[in-house]
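Here is a friendly briefing to read with the model open beside you. Please have a look at the sequence and the structure first.

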Amino acid sequence: MTDMSPASRTSLRELVASKIKKRHAAELRFRGFGVTMVVSAILACSLLLVSILSQSVPALTENRLHLTLDVTAEKADPVGQRDPIDIREQGNFYGLVQDALEARFPAAEADGTLDDLFDVATSLAAVPIGKTIAADPSVIGKKLDVTLPINDDLDLFIKGAFGRTLEIKGEGTLVSALKPDGDFALSGQGPVFAKAVEALRGDLGRAAGSLEQGLILKRQRLATGQAQVTALQAALNAATAKAVGVAGAEASLEQAANNVAGLESEIAADLATIKTYRAAALGQGGPLPLGDNKPSVFVETKTGTYKITTLSPTLATAKLLVRPKAGEIATDWKMVQIKTPQDGRAVNDATIAYGRHLKAQNAIQPAFNTTIFTNSDSNEPELSGLLSAFVGSLLTLAVTFCLAVPIGVATAVYLEEFAPKNWLTDFIEVNINNLAAVPSIVFGLLGFAVFLTFFNMPRSAPIVGGIVLALMSLPIIIIASRAALKAVPPSIREAALGVGASKMQATFHHVLPLAMPGIMTGSILAMAHALGETAPLLMIGMVAFIADVPTGLSDSATVLPVELFMWAGRPERAWEPRTAFAIILLLIFMILMNAVAIYLRRKFERRW
Amino acid sequence: MTDKQNLTKVSAHGINVFYDTKQALFDVSLDIPDGSVTAFIGPSGCGKSTFLRCINRMNDTIEKCRVLGRLEVDGRDVNDRAIDPVVLRASVGMVFQKPNPFPKTIFENVAYGPRIHGISRDKTDLERIVEESLRKAGLWEEVKDRLQQPGTGLSGGQQQRLVIARAIAVNPEIILMDEPCSALDPIATAKIEELIDELRQNFCIIIVTHSMAQAARVSQRTAFFHMGRVVEVGPTEEIFTNPRDSRTQDYITGRFG
């Protein structure tokens with residue numbers, strides 16, 4: 001290198017220059033990858049957030065029924081002693097609600113729609129009314145204004161979850177005439193239903209179209225089925241010739257033949273339906289038939305509702321859902337179309353009709369959903385809340401914190417500052433690191449085997465859940481604390497030891513306080529992890545229906561993530577937005593805890 | 001003064017130090033007199049810091065470090081089981097290469113030693129000790145108005161003097177200084193050297209240094225370490241003007257090291 005001629009130097013420079021382009025390109029590529037990764041991560045994250053947020057929107061508000069109850073003594077306090085316990089246990093508060101509803105729609109009983117009217121609010125919703133009356137028996141015999149959540153499906157309907165509800169204003173005065181079969185004939189001046197018929201025809205055309213689409217697939221399946229039948233027939237012939245396995249071949253052939261027959265009849269039915277739809281769409285074949293498997297069409301006057309069964313431009317036959325006030329002259333009426341057929345939803349037409357009238361009377365009003373914060377778990381979505389799960393989470397986390405943090409920090413301090421470095425401490429260290437990677441369900445199994453089976457501790461209790469989560473968080477806290485202790489410069493230890501501090505004084509006066517921000521950050525992150533943990537708690541029975549707020553460490557309880565796991569598995573549609581809402585609450589808690597961790601780290605961070 | 005100077009404060013007999021299997025010191029025997037400054041010089045890795053750390057048993061904190069031999073402070077073997085290193089370190093203070101004040105206030109830095117040893121009687125006594133120590137370290141005038149500010153906010157030279165004040169606050173007999181000026185600029189170095197010269201009145205000071213000029217300026221006696229052995233020890237003037245060993249001669253004239 002020392003005896004380099006100018007010529008060789010120049011060639012060296014050229015070599016470097018020729019490679020530099022490649023090096024820059026590699027760098028650019030690497031940066032491109034990085035940016036792509038970051039952008040896709042952000043996109044995925046925001047997609048997740050947007051989907052959860054949009055799903056939770058219906059759960060943000062709830063529709064509430066405002067009623068003025070006539071608190072009669074025979075229903076509220078059948079015993080008559082004005083004893084709060086008697087009132088709470090014997091009172092028929094749902095009966096009071098039913099009375100109030102019936103008072104608004106007196107004809108419901110005669111029309112046989114009383115059950116549909118009562119479906120507006122479930123009986124469980126009346127329980128808090130009992131508590132109010134029991135707390136103050138003096139309201140018996142007086143009027144009482146109450147507010148209660150409405151049926152979850154009606155609530156979803158009002159929020160528009162069953163598709164858009166079309167309203168067409170009617171012209172002129174609606175005339176209704178009772179027919180001999182109990183239905184009503186509705187008519188106005190001229191073709192008052194022409195617009196609705198037009199709209200429905202379009203719908204029917206589209207419905208026929210989608211059925212035709214489905215037919216293509218069904219025909220393909222039919223062809224495969226028929227081929228299968230032929231093949232199986234051949235197999236059966238062969239089997240009969242050999243006289244082996246005849247029964248089995250016969251059974252498969254029969255099954256395949258049944259399949260084909262089923263498909264053939266389905267196709268035939270579809271073809272017939274398509275034909276009627278097409279005919280109706282073209283205005284042939286008389287009035288449009290509207291069954292429960294088609295979108296519901298109501299005719300709604302100020303005080304009554306009819307459900308149309310057949311419709312032509314000038315005349316409709318209809319069933320009565322809500323009887324209008326006697327002598328009402330229906331000048332102000334409209335047609336209401338609900339996209340989802342009655343067969344496709346859990347709330348029937350009559351309940352919707354009552355709900356719409358109650359809403360028009362301002363007896364049903366939307367409000368911010370506070371139920372989810374103030375109530376505990378319930379079978380009825382509209383009455384369910386997260387309070388018991390939240391308290392359960394707090395109690396469990398308190399146990400976890402009280403166990404995991406002191407033990408974890410003490411272990412870390414001992415291992416890092418005091419323990420001799422030998423094979424035993426190495427072995428312990430390796431095992432702690434391994435424990436951090438153990439699936440959390442294993443800790444659940446351990447908790448089940450040791451605490452529940454061996455020590456006979458109570459099932460579903462925060463104390464056991466807390467211990468299990470503490471075991472799970474310990475390795476994380478120990479590792480984080482050791483890292484924080486290692487990060488304290490050795491010069492601080494030397495300085496303390498140099499002025500004559502004992503090892504313990506050096507550790508507790510100087511090293512530990514300096515490591516504290518890191519330890520706290522690690523601990524809080526471990527706690528946030530424990531807050532979101534579900535699997536180990538399932539093992540120890542914290543997946544339970546908890547309707548009461550737990551008051552102690554050995555009460556039955558559940559926690560937020562398990563609660564939303566349970567909600568996600570429930571069948572009613574109203575659970576879906578509530579689950580999304582619960583996820584958001586859980587995320588908010590996580591973010592809060594992480595924010596506290598960051599704040600503490602910033603606040604106590606020291607430089608040296 | 002002269003009486004004190006002739007007394008032997010630290011006396012080492014056949015000190016061998018091993019780091020695991022590697023031997024760092026070979027049979028070091030050395031007497032250090034009281035009331036003077038003794039400088040250890042020698043090339044890097046020659047064992048002078050290791051020997052320094054034997055005197056207050058700081059080597060105890062290093063895993064796998066074994067110290068063999070007899071090392072006496074005031075005639076008592078420091079490696080004796082009966083000697084508590086905490087008590088020993090209260091009488092043998094130490095100043096390190098890099099200034100290492102605690103990340104606390106200036107007052108707390110100095111007050112820490114007296115507080116853990118229970119030297120002060122009350123708050124005013126503690127304040128007196130802090131002021132006295134800072135005065136002795138020549139830092140009082142610079143920091144008296146900001147005692148409650150963090151010690152880490154001072155300049156490097158001030159930090160090193162703060163560390164010296166912290167060491168003398170527990171009133172030790174010996175102060176060990178491990179290259180105290182290697183991280184400082186020449187002006188701060190001059191101040192520290194001045195301070196060392198003043199402290200010599202009350203303390204036995206042992207200083208490890210890489211600067212021959214510093215050794216010549218501040219010390220009365222000098223020991224030259226090489227390859228884990230003491231090659232030569234004697235009055236500073238003699239070592240620098242008339243060394244007996246050729247290796248010493250080579251080192252101080254800059255021919256190696």
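Predicted model: local features only at pLDDT ≥ 70, side-chain atom pairs only at ≥ 80, totals over all residues.

Residues are numbered from 1 along each chain as its sequence is written, while chains are lettered from A and ligands numbered from 1 in the order in which they are written.

**Chain A overall**

- The secondary structure of chain A comes to 21 helices and 11 strands; these are DSSP runs numbered from the N terminus, with helices being H or I of at least four residues and strands being E of at least two.
- Chain A has a radius of gyration of 36 Å, well over the 25 Å that the globule rule gives for 608 residues, so chain A is more spread out than a compact globule. The radius is taken over C-alpha atoms, and the rule is 2.2 Å times the number of residues to the power 0.38.
- Along the principal axes, the C-alpha atoms of chain A fill a box of roughly 110 × 85 × 70 Å.
- Of the 608 residues in chain A, 35% are buried. Buried means 20 or more other C-beta atoms within 10 Å of the residue's own, exposed means 12 or fewer, and partly exposed lies in between, with C-beta atoms placed from the backbone.
- Among contacts in chain A with a separation of 6 or more, 75% come from residues 24 or more positions apart; a contact needs C-beta atoms, placed from the backbone, within 7 Å.

**Strand pairing around β10(A)**

- Strand β3 (residues 165-169) of chain A runs antiparallel to strand β10 (residues 334-338) of chain A, joined by 5 bridges; pairing takes at least two DSSP bridges.
- A:T165 has A:I338 as its bridge partner in β10(A).
- Strand β7 (residues 296-300) of chain A is also antiparallel to β10(A), with 5 bridges, and A:V299 partners A:M335 there.

**A closer look at A:I479**

- A:I479 sits in helix α16 (residues 462-486) of chain A.
- A:I479 counts as partly exposed because 19 other C-beta atoms lie within 10 Å.
- Leaving out residues up to four places away in sequence, A:I479 touches A:I432, A:N433 and A:A436.

**Where chain A meets chain B**

- The contact takes 17 residues from chain A and 21 residues from chain B.
- On the chain A side, α17 (490-498) and α18 (503-531) are the elements that give two or more residues, and α17(A) gives the most, with 6 residues.

Methods:
Contact = placed C-beta atoms within 7 Å.
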